[in-house]
Amino acid sequence: MSNLDIYAISTALDNAARYREEIDPLTPVHGFNLNEAYEIQRTSIALRHARGELPVGIKLGFTSRAKMIQMGVDSLIWGLLTDAMLYEEGAVIDLSDFIHPRAEPEVCFLTKRDIDRPLTLLEASSYLEGVAPAIEIIDSRYRNFKFTLEDVVADNCSSAGLVIGAMSRNLTDLANLGVAMRFNGRPMQIGSTGAILGDPLRSVVQASRLAARAEMVLPAGSLIMAGAATAAQALTAGTHVSAEVTSLGRVEFYTGARA
Ligand code: OOG
Ligand code: MG
């Protein structure tokens, strides 16, 4: 048994997110393992729930090579989403809500049945209500976005913001759709949904396995962020940010000036 102070570490990460103050990576000092990192993640999200934030679903991270290479990390991870992370589509998002935010184009699923066991790829779509183009705003609480796998898991996989476009029921043929993220109309990241585990539906399969392993039921009506199709791009003030996924449509927001 380690005598790791899970609660103290969770509180430090929660405070870093709440007060937008970056911190040094924690593993060099505390040396926790992956299981402990997920325990820290759950404990720090419990602090948000205690303040009234509601669970809205989960996100997967490092489901694409582009992201693994950008961040120097090579395992699929997952984090917990709350309603406080949701921003309205088309909104002006104040960058002073964040430390050093980056945007990445994703697809987001909405579930229609409880996911309470590991699913196969064939059954995944029958658990889904719809799919939408989405932009995730990530904001590592660690200085310069530098972390180990355990650090980023403890930090709830850098989760900070979500902008989700209109849901479509077209859940077939998601495996090779064009993805383009534009800043002020200029293409910044171009890719394909195929970059997400070969088919973003596989993110639903992975989510079902991870939830089952954690003995967690993902209730009907949950969001599942499939993971970025491309590398993330740093956000600056005064930018119109859009992500377009062929046949699913476009999602957009604006960045407001820092205070
Ligand atoms: C971790 C989050 C990874 C994704 O879509 O791959 C992620 C990070 O890059 O800071 O959200
Ligand atoms: Mg992401």
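Which residues coordinate the magnesium ion (ligand 2)?

1. The model is a predicted one. In it, Glu104, Glu106 and Glu136 coordinate the magnesium ion (ligand 2) through OE atoms, at 1.9 to 2.0 Å. Along the chain these donors follow the spacing E-x1-E-x29-E.

2. Glu104 counts as buried because its relative accessibility is 3%, under the 20% cut-off. Glu106 is also buried, with a relative accessible area of 3%.

3. The cavity count comes to 2, taking those of 30 Å³ or more. The largest cavity has a volume of about 110 Å³. It is lined by 18 residues, and Lys59, Phe62, Lys67, Glu104 and Cys157 are the closest to its centre.

4. Strand S1 (55-61), helix H4 (65-71), strand S5 (102-111) and strand S6 (128-138) each give two or more residues to the lining of the largest cavity. S1 gives the most, with 3 residues. By class, this lining has 10 nonpolar, 3 polar and 5 charged residues.

5. The second largest cavity has a volume of about 90 Å³. Its lining includes Leu13, Asp14 and Ala17, as well as Ser44, Ile45 and Arg48. Also in the lining are Arg141, Ala154, Asp155, Asn156 and Ser159. Helix H1 (6-18) and helix H3 (34-50) each supply at least two of the lining residues. The classes here are 4 nonpolar, 3 polar and 4 charged.

Definitions and conventions. Residues numbered from 1 in each chain as written. Chains lettered and ligands numbered in written order. Predicted model: local features only at pLDDT ≥ 70, side-chain atom pairs only at ≥ 80, totals over all residues. Heavy atoms only, no water. Donors = N, O, S within 2.8 Å, 3.2 Å for Na, K, Ca; no water. Buried < 20%, exposed > 50% of the residue type's maximum accessible area, 1.4 Å probe, protein only. 1 Å grid on protein atoms, 1.4 Å probe; cavity = no way out; pocket = protein on both sides within 12 Å on 5 of 7 lines; lining within 4 Å. Points joined across faces, edges and corners; volume = space filled by probe spheres on them. Helix = DSSP H or I, 4+ residues; strand = E, 2+ residues; numbered from the N terminus. Nonpolar A, V, L, I, M, F, W, Y, C, P; charged D, E, K, R; others polar.
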